[in-house]
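Let's take a friendly walk through the aromatic rings of this model. The sequence and structure come next.

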Amino acid sequence: TAFYRARDDKTGYEPRRLYYLTEFMMADKDQSGSIDVEEFINIWYTRYGKEEADAKMTEYFGDDFSAGSIEISFTKFMEIQKQASRKTRRSASSMLPQVKPIT
């Protein structure tokens, strides 16, 4: 499914933006064009697990994320996803086997 392929993709070849759009639309229950922190936390708990999601939320929002007053637009959502994806890909690229050139 798209969820597992986008979640597990370490190469960057899967259409992540389409997945993120779908994920955002599913989380935006009132269809206001923005999601609150609680909805965002649910997305990241599903994706990363509780401990890592809490660490990432503190990294991106500081300690204010627990207040619940933050609204995240789709543009902001995509910026956060890009930053998180870059960090994940950087750490995953060091795990890929290196191919020796043919001489």
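Which residue lies over the face of tyrosine 48?

## A charge over a ring

Lysine 56 lies there, at 4.7 Å from the centre of the tyrosine 48 ring. A charge sits over a ring if NZ of Lys or CZ of Arg is within 6 Å of the ring centre and within 35 degrees of the ring normal.

## About the model

This is a predicted model, where local features need pLDDT of at least 70, side-chain atom pairs count only at pLDDT 80 or more, and totals for chains, interfaces and linings use all residues. Residues are numbered from 1 along each chain as its sequence is written, and side-chain values use heavy atoms, leaving out hydrogens and water.

## Ring pairs

Searching the whole structure gives eight aromatic pairs. Rings of Phe, Tyr and Trp (its six-membered ring) pair if their centres lie within 6.5 Å; planes under 30 degrees apart count as stacked, over 60 as edge-to-face and the rest as tilted. One of the pairs joins tyrosine 20 and phenylalanine 77 edge-to-face, at 6.5 Å centre to centre and 90° between the planes. Tyrosine 20 belongs to helix 2 (residues 16-27) and phenylalanine 77 to helix 5 (residues 74-93), so this pair ties together parts 57 residues apart in sequence. Helices here are DSSP runs (H or I, at least four residues), numbered from the N terminus.

Tyrosine 20 is buried, at 5% relative accessible area, and phenylalanine 77 is buried at 0%. Buried means under 20% relative accessible area (1.4 Å probe, protein chains only).

Phenylalanine 40 lies in helix 3 (residues 37-48) and phenylalanine 77 in helix 5, 37 residues apart.

Notes
Helices (H or I, at least four residues) and strands (E, at least two) are DSSP runs, numbered from the N terminus. Buried means under 20% relative accessible area, exposed over 50%, partly exposed in between (1.4 Å probe, protein chains only).
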